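This report describes one protein chain from its atoms. The sequence and the structure are shown first, and the notes follow.

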Amino acid sequence: MHRLFRIFPTWNQLVTTLRITHMTRIIAGINMTIDGFCDHTAGIADEELHQHYTELLLNSGTLLYGRTTYQLMEGYWPALVERPSGDKSMDDFALAIDNIPKVVFSHTLERVEWRNTRLTRRDLEEEVLAIRQQPGKDTLVGSPSLIAALTELRLIDEFQLCIHPVIAGKGLPLFRHISDRMVLTLINTKTFGSGAVMHYYVPAAR
């Protein structure tokens, strides 16, 4: 069992401690198809969804990426900041993701060029535990690989999984490398006009 759950045996005790000490929470946020795949081309990326994620970014302190997702996002959004599309929801999202501090975990990238981005080769568990000790806003995790790894380490404080009404049939399953059963508690939902539903989960009390 992970060290945090030896110290805080129940979810409520952990949340209470995080609030009292003003420790940052680690939030996993990602879009998925109804058959469980993470495919950025399969979801319904409409105005309402962009507005939702813009607000999430504006209310968060740091965004964590792995190499693949970082390169995907870096290859699109900075250009939109330089040359706005005229679509307010997309342009607002571009500014929000450009401004938020980003940390990229990679052993192969030599450098990162996106503004407000830091490259780290530090052990994932050590880096995230250090981030969690810092006061401030929530830390978002936006890469499937990092979400899976941090789930395995029991370091995700809340899952925000947006399930789109799409069957992809193939792709990258989010939790394919999870070896232990984990029970979650549903604390909220948000339904979008497209039919996508955001599910808010926290680890169930042990």
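## Helix H3

In this predicted model, helix H3 covers residues 47-58. At 1.5 Å a residue, its 12 residues should span 16 Å, and the C-alpha atoms at its ends are 16 Å apart, so the two values agree. The buried residues of H3 are Leu 49, His 50, His 52, Tyr 53, Thr 54, Leu 56 and Leu 57. As a rule, an α-helix has 3.6 residues a turn, so residues three or four places apart point the same way.

## The chain as a whole

The protein chain holds 8 helices and 10 strands. It has 206 residues, and 47% of them count as buried. Among contacts with a separation of 6 or more, 71% join residues 24 or more positions apart.

## Nonpolar cores

The largest nonpolar core has 27 residues, of which Leu 57, Tyr 65, Trp 77 and Ile 97 touch the most other members. Two or more residues each come from helix H3, strand E3 (60-66), helix H4 (67-74), helix H5 (77-82), helix H6 (88-99) and strand E10 (197-203). H6 gives the largest share, 5 residues.

Which residues does Trp 77 touch, leaving aside those up to four places away in sequence? They are His 50, Met 90, Phe 93, Ala 94, Ile 97 and Trp 114. Another core, of 21 residues, lies apart from the largest one, and its members include Cys 38, Val 103, Val 141 and Leu 174.

Ile 30 sits in strand E1, which runs over residues 26-33. Is Ile 30 buried or exposed? Its relative accessible area is 8%, under the 20% cut-off, so Ile 30 is buried. Along the chain, Ile 30 and Gln 160 are 130 residues apart, yet their C-alpha atoms are separated by 6.7 Å.

Not counting residues up to four places away in sequence, Ile 30 touches Cys 38, Tyr 53, Gly 142, Ser 143, Pro 144, Ile 147, Gln 160, Leu 161, Cys 162 and Leu 174. Pro 144 and Ile 147 are buried residues of helix H8.

## Phe 105 in strand E4

Phe 105 is placed in strand E4. With a relative accessibility of 10%, Phe 105 counts as buried. Its C-alpha atom is 7.5 Å from that of Leu 124, a residue 19 places apart from Phe 105 in sequence.

Beyond four places in sequence, Phe 105 touches Leu 64, Tyr 65, Gly 66, Arg 67, Thr 120, Arg 122, Leu 124, Glu 127, Val 128 and Leu 146. Among these, Tyr 65 is a member of the largest core, and Leu 146 is a buried residue of H8.

## Helix H8 and two positive phi angles

Helix H8 covers residues 144-152. Its buried residues are Pro 144, Leu 146, Ile 147, Ala 148, Leu 150 and Thr 151. After H8 comes Arg 154, with a positive phi near 60°. Arg 154 lies in the loop that leads from H8 to strand E7 (158-164). The relative accessible area of Arg 154 is 11%, so this residue is buried.

Most residues other than glycine have a negative phi. Asn 116 also has a positive phi, about 65°, although it is not a glycine. Asn 116 is located in the loop between strand E4 (102-105) and strand E5 (117-120). Asn 116 is partly exposed, with a relative accessible area of 33%.

## The largest pocket

What is the volume of the largest pocket? It is about 1200 Å³. The pocket is lined by 45 residues, and those nearest its centre are Asn 31, His 40, Thr 69, Met 73 and Gly 142. By class, the lining consists of 28 nonpolar, 14 polar and 3 charged residues.

Gly 142 is also one of the residues that Ile 30 touches. The C-alpha atom of His 40 is 9.7 Å from that of Leu 72, and the two residues are 32 apart in sequence. Leu 72 is found in helix H4. At 38% relative accessibility, Leu 72 counts as partly exposed.

How values were computed
Residues numbered from 1 in each chain as written. Predicted model: local features only at pLDDT ≥ 70, side-chain atom pairs only at ≥ 80, totals over all residues. Heavy atoms only, no water. 1 Å grid on protein atoms, 1.4 Å probe; cavity = no way out; pocket = protein on both sides within 12 Å on 5 of 7 lines; lining within 4 Å. Points joined across faces, edges and corners; volume = space filled by probe spheres on them. Nonpolar A, V, L, I, M, F, W, Y, C, P; charged D, E, K, R; others polar. Core = buried A, V, L, I, M, F, W, Y, C linked by side-chain atoms within 4.5 Å. Buried < 20%, exposed > 50% of the residue type's maximum accessible area, 1.4 Å probe, protein only. Helix = DSSP H or I, 4+ residues; strand = E, 2+ residues; numbered from the N terminus. Contact = heavy atoms within 4.5 Å. Expected span 1.5 Å × (residues − 1).
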